Amino acid sequence: MFTGIIEEIGRVSQIDNCGGKRNYTIECYQINDSLKIGDSVACNGICLTLVSFSDKSIIIEAMNETISKTTAKTWAIGSKINLERAMKLSSRLDGHIVQGHVDTTSRVLAVKDLNKTKYLEIDLPKQYADLVVAQGSIAINGVSLTLARLDNCSFQVALISLTEDLTNLSNLKVGESVNLEFDIIGKYVLRSKQIAEHSTKSKISQEWLNEQGF
């Protein structure tokens with residue numbers, strides 16, 4: 001479990017293919033001191049398992065399933081990666097609840113500077129439209145953000161200066177892919193609604209109609 005508050009930007013320094021998985025070595029210096037083997041680390045919003053670490057880098061493992069469904073497949077030597085350790089229950093939840101389970105990848109449609117604030121416009125796949133609301137939360141590359149504008153096919157987020165300084169979102173270009181994770185609360189609400197609707201429909205049968213006098 002994470003909060004979407006990035007602790008450090010790491011840099012991919014080595015990639016090793018190991019059968020049905022891939023190990024990424026990521027240079028970093030700030031999050032290393034309290035890690036242990038097997039810990040979960042959010043890398044660009046993807047919850048990955050720590051297999052080794054030193055005071056200068058971490059090595060995380062990604063399965064082919066993860067690689068195929070996230071932007072991990074595009075990582076190369078030199079790629080900048082947002083890093084966050086799993087949250088502690090004793091800590092403040094400064095962002096929102098982020099699982100590190102990427103729902104989909106999308107692409108940047110536009111990068112705009114308005115009144116000295118950078119706005120990102122992101123394509124919104126139609127099948128996920130029910131999971132976003134105006135002023136709601138979303139994680140982009142693991143960064144907890146608030147929707148500033150919502151349209152039928154896209155949404156916008158505004159980056160405060162701290163987000164620009166401490167994450168890799170400030171370097172995004174038009175057409176670049178990003179990882180999206182939608183609010184878990186919204187997902188449960190939508191699922192409950194779908195189950196309720198299905199249950200109501202399933203009660204209406206010819207036998208039920210006959211019993212009601214139709």
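Trainee: Are Tyr-24 and Trp-75 buried or exposed?

Mentor: Tyr-24 is buried, and Trp-75 is buried as well, though please keep in mind from the start that we are looking at a predicted model.

Trainee: Where in the chain do Tyr-24 and Trp-75 come from?

Mentor: Tyr-24 belongs to strand E2, which covers residues 21–27, while Trp-75 is in the loop between helix H1 (64–69) and strand E6 (80–85). The two are 51 residues apart, and the pair therefore links distant parts of the chain.

Trainee: How many aromatic pairs are there?

Mentor: The count comes to two aromatic pairs.

Trainee: Why does Tyr-128 count as buried?

Mentor: Tyr-128 has 18% relative accessibility, and it counts as buried because the cut-off is under 20%. Phe-182 is buried too, with a relative accessible area of 1%.

Trainee: What about Lys-126, buried or exposed?

Mentor: Lys-126, which lies in the loop between E8 and E9, is exposed, with a relative accessible area of 76%. From C-alpha to C-alpha, Lys-126 is 31 Å from Leu-166 in space, and the two are 40 residues apart in sequence.

Trainee: Switching topic, how many cavities of 30 Å³ or more turn up?

Mentor: A search of the whole structure finds one cavity of 30 Å³ or more, and the largest cavity holds about 30 Å³ of space.

Trainee: Which residues line the largest cavity?

Mentor: Among them are Gly-45, Val-98, Ile-140, Asn-141 and Leu-180. By class, the lining has five nonpolar, four polar and one charged residues, and E12 gives the most to it, with three residues.

Trainee: You mentioned Asn-141, so what is in contact with Asn-141?

Mentor: Asn-141 is found in the loop between E9 and strand E10 (143–150), and it counts as buried at 4% relative accessibility. Leaving aside neighbours within four places in sequence, Asn-141 is in contact with residues including Asn-44, Asn-82, Leu-172 and Val-178.

Trainee: And the pockets, what is the volume of the largest pocket?

Mentor: The largest pocket has a volume of about 420 Å³. It is lined by 16 residues, of which Glu-7, Arg-85, Ala-86, Met-87 and Lys-88 lie nearest its centre, and the lining divides into five nonpolar, four polar and seven charged residues.

Trainee: How does the lining of the second largest pocket divide?

Mentor: There the lining divides into three nonpolar, nine polar and two charged residues. This pocket contains about 300 Å³ of space, and of its 14 lining residues, Asn-44, Thr-74, Ser-79, Lys-80 and Glu-176 lie nearest the centre.

Key: Residues are numbered from 1 along each chain as its sequence is written. This is a predicted model: local features need pLDDT of at least 70, side-chain atom pairs count only at pLDDT 80 or more; totals for chains, interfaces and linings use all residues. Side-chain values use heavy atoms; hydrogens and water are left out. On a 1 Å grid over the protein atoms alone, a cavity is a set of points where a 1.4 Å probe fits but cannot get out, and a pocket is an open set with protein on both sides within 12 Å along at least five of seven lines; lining residues have an atom within 4 Å of a point. Grid points are joined across faces, edges and corners, and a volume is the space filled by probe spheres set on the points. Ala, Val, Leu, Ile, Met, Phe, Trp, Tyr, Cys and Pro count as nonpolar, Asp, Glu, Lys and Arg as charged, and the others, Gly among them, as polar. Rings of Phe, Tyr and Trp (its six-membered ring) pair if their centres lie within 6.5 Å; planes under 30 degrees apart count as stacked, over 60 as edge-to-face and the rest as tilted. Helices (H or I, at least four residues) and strands (E, at least two) are DSSP runs, numbered from the N terminus. Buried means under 20% relative accessible area, exposed over 50%, partly exposed in between (1.4 Å probe, protein chains only). Contact means heavy atoms within 4.5 Å.
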